[in-house]
There are 4 protein chains.
Amino acid sequence: MYVIVSSTNRQGSVSIKLATIYFNLLKDKGIDSQIIDLCDLPDDYLSSALYEKNGLNKIFNGQRETMLKASKFVFIVPEYNGSFPGVLKAFIDGLKFPATFTDKKCALVGLSSGQQGAGLALSHLTDIFNYCGMNVLAYRPRLSNIKENINMTEKMLSDQYRDYLQRQIDKFIPY
Amino acid sequence: MYVIVSSTNRQGSVSIKLATIYFNLLKDKGIDSQIIDLCDLPDDYLSSALYEKNGLNKIFNGQRETMLKASKFVFIVPEYNGSFPGVLKAFIDGLKFPATFTDKKCALVGLSSGQQGAGLALSHLTDIFNYCGMNVLAYRPRLSNIKENINMTEKMLSDQYRDYLQRQIDKFIPY
Amino acid sequence: MYVIVSSTNRQGSVSIKLATIYFNLLKDKGIDSQIIDLCDLPDDYLSSALYEKNGLNKIFNGQRETMLKASKFVFIVPEYNGSFPGVLKAFIDGLKFPATFTDKKCALVGLSSGQQGAGLALSHLTDIFNYCGMNVLAYRPRLSNIKENINMTEKMLSDQYRDYLQRQIDKFIPY
Amino acid sequence: MYVIVSSTNRQGSVSIKLATIYFNLLKDKGIDSQIIDLCDLPDDYLSSALYEKNGLNKIFNGQRETMLKASKFVFIVPEYNGSFPGVLKAFIDGLKFPATFTDKKCALVGLSSGQQGAGLALSHLTDIFNYCGMNVLAYRPRLSNIKENINMTEKMLSDQYRDYLQRQIDKFIPY
């Protein structure tokens, strides 16, 4: 099972729109997937689900189980303060280690309002996933100036960016 | 004013002990400092203090103000999953940008149970702080195998690790 | 064809010994490979084989062709000044881009006299290879304190480090 | 003494033009500097100046001495294959360690034909210089699409990019 993670808990984010677009592109290739939206984390996640409370938050445990069972992941990663959103790493810190990631595979997509397209965020995440034993697809689209390349109401991407995602999917399926 | 950040919200962490040791080492040099313990973040921090709710959580606003007023920072950074704790980046994401960090200076200390001493965590954090316009002291002790080098009840470090921290302080004060 | 790159041009390096050990471990699994030793680069490589002179140095062209034809790579990477040896990146800069690496796969092994095991070197290299479109196996052994773990005359590794390499090979063959 | 390093040995590079522009901007502020051009490395640098031959190449020894005596450095860094040019790291590997860099200060400028402005190159270099004990100024201009922003014959930058360099100099002098 493929799982697509929308890596921010900001309401109405571009990331969740992109996750939906990605979901549909996978579907066009005959691949079923499931979206995990970090907006759905429990409000008290930081104090109820980590460390010695790992596994004790029933709401989070559903998401945790979904992550554990997945075979492949797509992470849609917006750039916050020069890296990924903190909530994404906090989410990773609450997952079952190392079984959630070891010997699995993932694809990363970066996005930013500015010009960098989350390049450093993807580099940092790759370090983390490699540490966790998960292989990261080399082809990682960096969708810079995303606001000028997405129609939020229609959930449509510019042709160029849709091509990037399709090229990634074509590499990711046999990976 | 110097602020020392204990960069995890794990209860009873080594990081908060190290923060206290650092506080005392600074005091020995005649430097006053204040500790920010991420254990003190509001339970619902992720849903009440970020993005469009930035500045609306009164409990967090005190910590936010302390960070804004500080001139120099020390970050005590444990290694979680090959990088820094997610809660640290979530904390950074809630601070006033860019005024909290621009043109200020910080020192980083890494620690780990294992052999790496949070080397990649410090590299990632340096990227983030440089992006935010904050200068990072080059000398960044990596305290690997920390459990064998700290006496938690006495809040004492091994001579070698205390020397590392003192050398850092000697470089950081005139930085 | 597998190619193993010994990533330094230092004479009598540990890296070339490790490359030979790796060669034999692959052979035990029935895999033929070829070693590229950066000691064999032409003396005037920097001035005769790069940029507008790309492809003009006949000695280097043999190595360049070997790299171009390979399907999988193993890089044995010693830590120099907190990253990989400069000569390795200079070597990469002279290869045919992007055909040498795109959509191929590689495995990285780090080594150091000290405690880090070339962790940052492997992170930097992963960034570079991902940029070049080459997938990097997540499992990247970091052989710290290498001098205490290798018998240079017998070309023997400590049991622990040999196990790391064998585990990597077991993951790399089907990758 | 300030030293400006043009970090490639490619003939007629944009980097050496930028180094000259930087030299003049420093001069306008009353700061004398000296340019090290990696084009001036000996042709056989890789085989005559590194490791056990460190300090034995008389041509290189002049550059090595200049680097050793400098108090502050500016590195003009073009993006090659997703990072810095290999020759730059090979140059660093031949310098006197750690005296060349420890407790000194540097400023980094990235440039690229493409959109990234050498962001990862600057991140990797910062890791290396921090390892060597040299403090890196946080403000690191990334001059993307450099060809559209420089007049090579007149050695003139676009107003925006000249402003970036001037802002960096204003931060670097008191650093």
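In the predicted model, strand E4 of chain D, which spans residues 105-111, is mostly covered, with six of its seven residues buried. E4(D) is paired with strand E3 (residues 72-78) of chain D; the two run in the parallel sense and are joined over seven bridges. Within E4(D), D:Val109 stands opposite D:Ile76.

A contact is also formed between chains A and B, to which chain A and chain B each bring 31 residues. On the side of chain B that touches chain A, at least two residues are supplied by each of helix H2 (45-48), helix H4 (86-93) and helix H5 (119-131). H4(B) gives the most to this side, with eight residues. By residue class, the side of chain B that touches chain A comprises 16 nonpolar, eight polar and seven charged residues.

Two packed helices are described by the angle between their axes and the distance between the axes. For helix H4 of chain A (residues 86-93) and H4(B), the axes come within 7 Å and cross at roughly 160 degrees. Angles over 145 degrees count as roughly antiparallel, and H4(A) and H4(B) are therefore roughly antiparallel to each other. The crossing of these two helices, H4(A) and H4(B), is left-handed. Among the residues that make the contact are A:Leu88, A:Phe91 and A:Ile92 of H4(A), together with B:Leu88, B:Phe91 and B:Ile92 of H4(B). The residues of the contact between H4(A) and H4(B) fall into 10 nonpolar, two polar and four charged.

Note on methods: Residues are numbered from 1 along each chain as its sequence is written. Chains are lettered from A and ligands numbered from 1 in the order in which they are written. This is a predicted model: local features need pLDDT of at least 70, side-chain atom pairs count only at pLDDT 80 or more; totals for chains, interfaces and linings use all residues. Two residues are in contact if their C-beta atoms, placed from the backbone, lie within 7 Å. Helices (H or I, at least four residues) and strands (E, at least two) are DSSP runs, numbered from the N terminus. Ala, Val, Leu, Ile, Met, Phe, Trp, Tyr, Cys and Pro count as nonpolar, Asp, Glu, Lys and Arg as charged, and the others, Gly among them, as polar. Axes are lines fitted to C-alpha atoms, for helices over the stretch in contact, and angles run from 0 to 180 degrees between N-to-C directions. Angles under 35 degrees count as roughly parallel, over 145 as roughly antiparallel, 65 to 115 as roughly perpendicular and the rest as oblique. A crossing is left-handed if the near helix is turned anticlockwise from the far one by less than a right angle, and right-handed if clockwise. A residue is buried if 20 or more other C-beta atoms lie within 10 Å of its own, exposed if 12 or fewer, and partly exposed in between; C-beta atoms are placed from the backbone. Two strands pair if DSSP finds at least two bridges between them.
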